[in-house]
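Please go through the points below with the model open beside you.

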Amino acid sequence: MTAQQQREHYRKPSPPVAALSQAGRLFSLAWEVLRTLVTRRLQFREFVEQFWFIASVSILPSALVAIPFGAVIALQLGSLTVQIGAQSFTGAASVLALIQQASPIVTALVIAGAGGSAICADLGARTIREEIDAMEVLGVSPVHRLVAPRVLAAMLVAILLNGVVSVVGVMGGYFFNVVMQGGTPGAYLASFSALAQLPDLWISEIKALIFGFIAGVVAAYRGLNPGKGPKGVGDAVNQSVVITFLLLFFVNFLLTALYLQLVPAKGT
Amino acid sequence: MGAEVVVEGLTKSFGKQTIWRDVTMTLPAGEVSALLGPSGTGKSVFLKSMIGLLKPERGRCLINGVDIVTCSERQLYETRKLFGVLFQDGALFGSMNLFDNVAFPLREHTRKSESEIKRIVLEKLDITGLAGAEKKLPGEISGGMRKRAGLARALVLDPEIILVDEPDSGLDPVRTTYISQVFLDVNAQIDATFLIVTHNINLARTVPDNIGMLYRKELVMFGPREVLLTSEEPAVKQFLRGSMDGPIGMSEEKDSATAAAEQALFEAGHHAGGVEDISGVPEQMQATPGMPERQGVRRRKDRVMSILHTLPPAAQRHIIDSLSPAEQHHYNVRQVWR
Ligand SMILES: Nc1ncnc2c1ncn2[C@@H]1O[C@H](COP(=O)(O)OP(=O)(O)O)[C@@H](O)[C@H]1O
Ligand SMILES: [Mg+2]
């Protein structure tokens, strides 16, 4: 299906049907992006430019969000573990929570909010200027040329940022636990190896990768299907961020449930 | 020679809203045709259907034997190479300068060397009057220049069919005539089939060889220019005059109450707008002297004369009047109506 054919929005049949058909077309774009990424040569320059752009708009906000996030988790868990008499596990618990849950989500929210909205606005403006149509008529696939590099860039930036957020968050947590709450540095570090294992790190990066993909695809989908005129593009940007957030939390739930089923916790 | 486009029974809807139905027409090879119609009648949708950007529900659109509506992605991709499309605002790629925009199709689809690409691009920019502007970005130039650059880009692959969406939008009447002249000159040079979508009356009356009009979700007529320009059809006459007096209303067609109320106003002396005298068939614009002869004009003469007896009397009269005595002798017709 061409992007324009995808773009034909039908006069609302009934809400459930409309929602399903939107979902269907979102999936079909996601599939086409995957296929393009695997089978066709990457538009390298576009990719590098987009990678750089998304990274530059999201590194600072995510680092700034990471510190208080790490702190909140450390403080909360710090007092909780004291209550149930498991102080020695504060470090491990907060690091696990941070790496597995907080960090990928923070990363993805920042990427969707900063990078995704820019992708959506850019593609939306190109769509209403008929640039996308022109490209298709000139025999060039907009998915290959524009969408795939952006989605891949969002995915890689997500992985990278996830690492940054994890490190900054852990340091923040350490600082608050050890310096503010008077925890013992040795216990904080030692408990890592007691509870945490390598797959915890993997799932964190896998989540980040998938969230980056979702943020990129949703932004591109809404950008290629804006409403009428400049206002339509504005609404599309708004919706793309909201839809991404909703999808993220849902997918995060699925991935977490799956991971806990598949990978036995350490020591069991 | 350009390719012929045969449209048969084409129908397009979005959900329950039918845009137009049962559109049948043939764009004769190498001739310039225009499609008129009030805003929102689906002229742009029609163009997009012709190049497979939208899929009509019914009907066929044949180009060199390939049906754009039902063909495979592969065939669509191949057939699209025959087309040059000039979108409404030029649809230039905002991040590239004019040179790269015009070079884009060459770089994508040919293995030409950079020096050859440069030669072709500069030639097309020259044809469209943009020599010297190749370093400019689309955001930095006027709407008229963007359109001409879009035309230059549409021309680089030597298209057989050129589709133009509202060349006059955002241009003053003089610039509109200039760009029309470019169309005719390009047509003379490469003999491509043109379809120009417009609601500009001046352009419609003086540029195309054939004219059609979309109205009330249908193609009300399509044929040699003389047919539409001499038509007595109320909607056509109103459209050509640009007047409020007639069946076309502000948004859709008028209901009878509105029409009656307006009619009373006009009879009481309220000016219905538009120009009174648009009757007759003005002389057609021609390619600039020095250009090759437009082959389409010659072929059209043969074609129109062979279907002359099927045309309305007023159109017949104008066609015969426009022939030279030698041609009247050649086609064996006389000015009997005088
Ligand atoms: N992708 C689309 N989805 C739904 N409706 C559309 C779409 N494109 C155009 N339309 C509708 O089709 C009608 C004709 O539009 P258009 O072809 O742009 O008219 P015009 O003759 O002015 O070029 C309009 O009512 C418009 O709302
Ligand atoms: Mg239009």
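**Salt bridges and a helix residue**

1. Over all chains, the count comes to 27 salt bridges. The rule asks for a side-chain nitrogen of Lys or Arg within 4 Å of a carboxyl oxygen of Asp or Glu. This is a predicted model, where local features need pLDDT of at least 70, side-chain atom pairs count only at pLDDT 80 or more, and totals for chains, interfaces and linings use all residues. Side-chain values use heavy atoms without hydrogens or water, residues are numbered from 1 along each chain as its sequence is written, and chains are lettered from A and ligands numbered from 1 in the order in which they are written.

2. Take the pair within one helix. Glu49(A) and Arg45(A) form a salt bridge through their side chains, at 3.5 Å from N to O. Both sit in helix H3 (residues 44–83) of chain A, 4 residues apart, so about one helical turn separates them. Helices here are DSSP runs of H or I with at least four residues; strands are E runs of at least two; both are numbered from the N terminus. Arg45(A) is exposed at 66% relative accessibility. Glu49(A), at 42%, is partly exposed. The cut-offs are under 20% relative accessible area for buried and over 50% for exposed, with partly exposed in between (1.4 Å probe, protein chains only).

3. Next, a bridge between chains. Glu108(B) pairs with Arg145(A), and their closest N and O atoms are 2.1 Å apart. The link runs from helix H3 (residues 98–109) of chain B to helix H6 (residues 142–180) of chain A. Arg145(A) is buried at 14% relative accessibility. Glu108(B) is partly exposed at 32%.

4. Chain B also has a bridge between distant parts. Arg299(B) and Asp191(B) form a salt bridge, with 3.1 Å between the closest N and O atoms. Arg299(B) lies in helix H11 (residues 295–306), while Asp191(B) is in the loop between helix H6 (173–190) and strand E8 (193–197), 108 residues away. Asp191(B) is buried, with a relative accessible area of 10%.

5. Is Leu98(A) buried or exposed? At 4% relative accessibility, Leu98(A) is buried. Leu98(A) belongs to helix H4 (residues 90–128) of chain A. Leaving out residues up to four places away in sequence, its contacts (heavy atoms within 4.5 Å) include Phe69(A), Ile73(A), Val165(A) and Val170(A). From Leu98(A) to Ile119(A), 21 residues along, the C-alpha distance is 28 Å.
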